[in-house]
Amino acid sequence: MGIDDYKQMSPGTPTRMSQRSFKGEASEPSPGGAGAARMDMSLPSVWRQKSVDVLNRAAIQRKSLAEHRAAYWKYNEEVRRAQYSMQIQVNDALIKKKSTLELLIDKLNSAANAAQPVVKLLQEYKARLESELSEKVTYLDRNQERSAIRDQRGPSELVADEPQRQLVAQETLLKDAIVQQEKNLKEITETLVQLEMTQQELEADMHDKKEAWDLNNQAEQQCVQPTLKLPNLPSKRIDLTQANAVKLDKDVDATYEKVQQDALLSPNVWHSSTMKNIDKSKRIQTRAMGLCDGCELITRKLSEAILQAHHWVAQSLEERLKEQKKMVEELNEQFKLTLEEIHEAETTVTMLKQSLEDLMEPLKVSEKRLEIHSKRPERELIEDDVQIHLKAELSELRAQKALLEQRKLKVENMLEDMCCTRNEISSDVRDKTQAIEIDTRVLEMGSFPERDIR
């Protein structure tokens, strides 16, 4: 019953409210007399005013309820729009994450594939350097063995000749080459370990990214299609959301545009380590290639120097052998001449001894004759011709004896010198022959065959 209905009611028509009001109120005495049965005409305005107040409160409550409903509808619409927007953002984030993961997986795969040849190259260089290092150690041992063999030469040949100097130079070069080779091997090994660790990190990261890509696809498949569901509003309120819904759909379509690669790889926390690992792998690969080129250059130079030293040693040994053989031939020739001279000296000494022996008898006869002749009587003891000739004969014989003894002593001294010379020549020939055998053995050992030099 509205306010207008209340206004159309007659003043004398009682209502339930008025009846309830009258039952609860005391009757005032009329001014015309006590106990009057009818009410004064001012009474209906009182109960009507109360009804109006009640109706006004009801209208206010209905208006407040309508405002609350409108606020609820508006809030519900905003919540639904927020949910719709969140669904759009989730789908957009999943699509962007999927594209980013695919791009990162592709980059990780490319980096891992690019690192594999470098790893293989480093492994080959490592094996090659280890083999070359082992060979150079063997060469050093053989070089030291050759030096030790040459130290077995005779005293006269134990000198610092050109082959010995070349062997010492070659040994120093080999020691330097071994030190450099060990340094290169250490750098190659460290780089290989770093690259293998980086490769393992890339493979583990790629495995995690693939797993994340699978989970992202599962999340994308399980994600609800974004729809804007609004509450069933009265027809007069449909226009409040219709235009906005259409506008929101256009905004959602715009969010599905393809994101650029730079935006996908923009710095963030979850894939910055991946890009760092990729960059680290590239840096190590670049350093490894430079290291391999440097090692190749150094190894080539060392090999050429070692090969040249080998040629110098061989050449000096060959020249030394030629010189020693020539000297041995000359010594043998001198040895033969010395033997002949010794034989002649011995023959001369024998002849001189025989001459002395042959001279001793005439000398004794001459002395005896002079002694006998000196026993003449005093009167006959004069320097006659016989006495003069006997003395001259004795003097001549004694002079010949002294001369023969002097010659004999001189020839004997010469014979002794020639014997010493013969012994020296024989010893020298023996030492040189031994040196020739040693140098021939050292030369045949061949410390650095060309086929072994890389």
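**Terms and values**

Modeller: Happy to. Of the contacts in the protein chain with a separation of 6 or more, 90% are between residues 24 or more positions apart, where contact means heavy atoms within 4.5 Å. Bear in mind that this is a predicted model, where local features need pLDDT of at least 70, side-chain atom pairs count only at pLDDT 80 or more, and totals for chains, interfaces and linings use all residues. Residues are numbered from 1 along each chain as its sequence is written, and side-chain values use heavy atoms, with hydrogens and water left out.

Colleague: How many helices and strands are there in the protein chain?

Modeller: There are 8 helices and 0 strands. Helices (H or I, at least four residues) and strands (E, at least two) are DSSP runs, numbered from the N terminus.

Colleague: How do you know what helix α4 should span?

Modeller: The expected span is 1.5 Å times one less than the number of residues. Helix α4 has 61 residues (162-222), so it should span 90 Å, and its end C-alpha atoms are 88 Å apart, which agrees.

Colleague: Why is Q181 called buried?

Modeller: Buried means under 20% relative accessible area, exposed over 50%, and partly exposed in between (1.4 Å probe, protein chains only). Q181 has a relative accessible area of 0%, so it is buried. Q181 lies in helix α4 and, leaving aside neighbours within four places in sequence, is in contact with residues including L129, E132 and T299.

Colleague: And what makes C420 partly exposed?

Modeller: C420 has 39% relative accessibility, so it counts as partly exposed.

Colleague: How do you know that C420 is in no disulfide?

Modeller: A disulfide is a pair of cysteine sulfur atoms within 2.5 Å. A search of the whole structure finds 0 disulfides. For C420, the nearest cysteine sulfur, that of C419, is 7.0 Å away.

Colleague: Which residues touch the most other members of the largest nonpolar core?

Modeller: A nonpolar core is a set of buried Ala, Val, Leu, Ile, Met, Phe, Trp, Tyr and Cys residues joined through side-chain atoms within 4.5 Å. The largest has 23 residues, and V118, L122, L174, I188, L195 and C292 touch the most other members. Two or more residues each come from α3 (43-150), α4 and α7 (269-373), with α3 giving the most, 9 residues. A second, separate core of 16 residues includes I342, L363, L394 and L404.

Colleague: What is L122 in contact with?

Modeller: Leaving aside neighbours within four places in sequence, L122 is in contact with I188, T191, L192, L195, A288 and C292.
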